[in-house]
Amino acid sequence: MALNLFKLSSPASFYPFAGRLIPWFVVLTVLLTVAGLYLGFVVAPTDYKQGEAYRIMFVHVPAAWMSMFIYVVMAVYAGLALVMNTRLSTMMATALAPTGAMFTFIALWTGAFWGKPMWGAWWVWDARLTSELILLFLYIGYMSLYAAIDDPRRAARASGLLVLVGVVNVPVIYFSVKWWNTLHQGASVSFGQAPEMAATMLMAMLIMSLAFWMYTIAIVLMRVRCEILERERQSEWVQEAIARERGNG
Amino acid sequence: MKPRQKRLAMVAIGLVGLGIAATLVLRAFNSNLVFFFSPTQVVAKEAPTEGDFRLGGLVETGSLQREDDGLTVHFTVTDTAVTIPVTYTGILPDLFREGEGVVAQGRLGPDGIFRAEEVLAKHDEKYMPPEVADALAKAKDVNAQMAGKVAEGSL
């Protein structure tokens, strides 16, 4: 199958293409989640210091990674939309935002559940936690701003700028534990360095990350398909597709 | 330049400018973004002398003493260079142990004793099963013994 990227950047041809991809990503999500949770909660050994509570990590860390990664992807799409004036880029950015916000919320929430037994506090205002909270506000701000402006093109431009401005927060979150002394511990897994955890634990965490990744792709494709239908409802190909569906049903 | 390239340049310049601005702001705020002060910083008077601040470091091994009421504890916090004595009344978090990281919030008394109102445990980024931790500790002991023997010249 030869992919013609230019052809795929038009909503009319991306819509059926996304539809064909979704089932694969759903299957991958389910398989990887089951494998990751089994490995993390059954196979992985107890931690020498934190006992069983450290297992929150298998949800917390992948969610936190995804929250930052999705923001960067969203910023790239928003930038593309601003520069190239492509409709699909904006739709991708708006489709990514709710999932990013959800992962940010999960990271904060599971972090609180981890912090209480380990640190002795649900929440502290250290640099890592505060910057991650700002990320949640950025996601919410982006979605609200986009929803508040009626004209979709102006909405895309204004909210796209907000996303691009907020992108400076991502390196701050990532490096906060290095730049300042924080209550949050440093990174266990980073580039060019042996991970500071047992092999099975690392495996479970990476599989969970992949599972979250597949979930994100599946759900974003679903959302972007809805978005395409809504925006292009006046166009010929959508009308034809509806007519076809009605004919089948 | 085409309009598209112009927009790309504007976005790029905007992002670079924003990055520089953010770096400058964060540098200026550096001392306020610090969650805790180390004993060395406290002795160097970098921590606020009036009012509360957080003191962070390791609980010195062998320094933990409990009073008879069962709630009041005394320990010293060290960064291996300077130590500061701390007293605290209350429940300690599970991970609070000698030789482990701790962050205490409170104020420094004129007698040089830090009176904590809240004690948080700080754990590191290492995760491993207990057996591995034991094996590592043993290996460290053996290494230390070997080093001692080499120093004595008996090996």
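Visitor: How many residues does the contact take from chain A and from chain B?
Guide: The contact takes 35 residues from chain A. Chain B gives 32 residues. Keep in mind that this is a predicted model.

Visitor: Which elements give two or more residues to the chain A side?
Guide: They are α3 (57–84), α4 (87–118) and α6 (152–166) of chain A. The most comes from α3(A), with four residues.

Visitor: And how do the residues on that side divide into nonpolar, polar and charged?
Guide: On the side of chain A that touches chain B, 22 are nonpolar, nine are polar and four are charged.

Visitor: New topic. Where is I106(A)?
Guide: I106(A) sits in helix α4 of chain A.

Visitor: Why does I106(A) count as partly exposed?
Guide: Because I106(A) has 18 C-beta neighbours inside 10 Å. A buried residue needs 20 or more, and an exposed one has 12 or fewer.

Visitor: What does I106(A) touch, leaving out residues up to four places away in sequence?
Guide: I106(A) touches V59(A) and A63(A).

Visitor: Over to chain B. How do β5(B) and β6(B) pair, parallel or antiparallel?
Guide: Strand β5 (residues 101–108) and β6(B) pair in the antiparallel sense, over eight bridges. For example, G106(B) stands opposite A116(B) in β6(B).

Visitor: What about β4(B) and β6(B)?
Guide: Strand β4 (residues 83–89) and strand β6 (residues 114–122) of chain B run parallel, joined by three bridges. In β6(B), F114(B) is the bridge partner of V86(B).

Visitor: Which residue takes a positive phi in the hairpin of β5(B) and β6(B)?
Guide: That is G112(B), with phi near 85°. The hairpin has five residues between the strands.

Key: Residues are numbered from 1 along each chain as its sequence is written. Chains are lettered from A and ligands numbered from 1 in the order in which they are written. This is a predicted model: local features need pLDDT of at least 70, side-chain atom pairs count only at pLDDT 80 or more; totals for chains, interfaces and linings use all residues. Two residues are in contact if their C-beta atoms, placed from the backbone, lie within 7 Å. Ala, Val, Leu, Ile, Met, Phe, Trp, Tyr, Cys and Pro count as nonpolar, Asp, Glu, Lys and Arg as charged, and the others, Gly among them, as polar. Two strands pair if DSSP finds at least two bridges between them.
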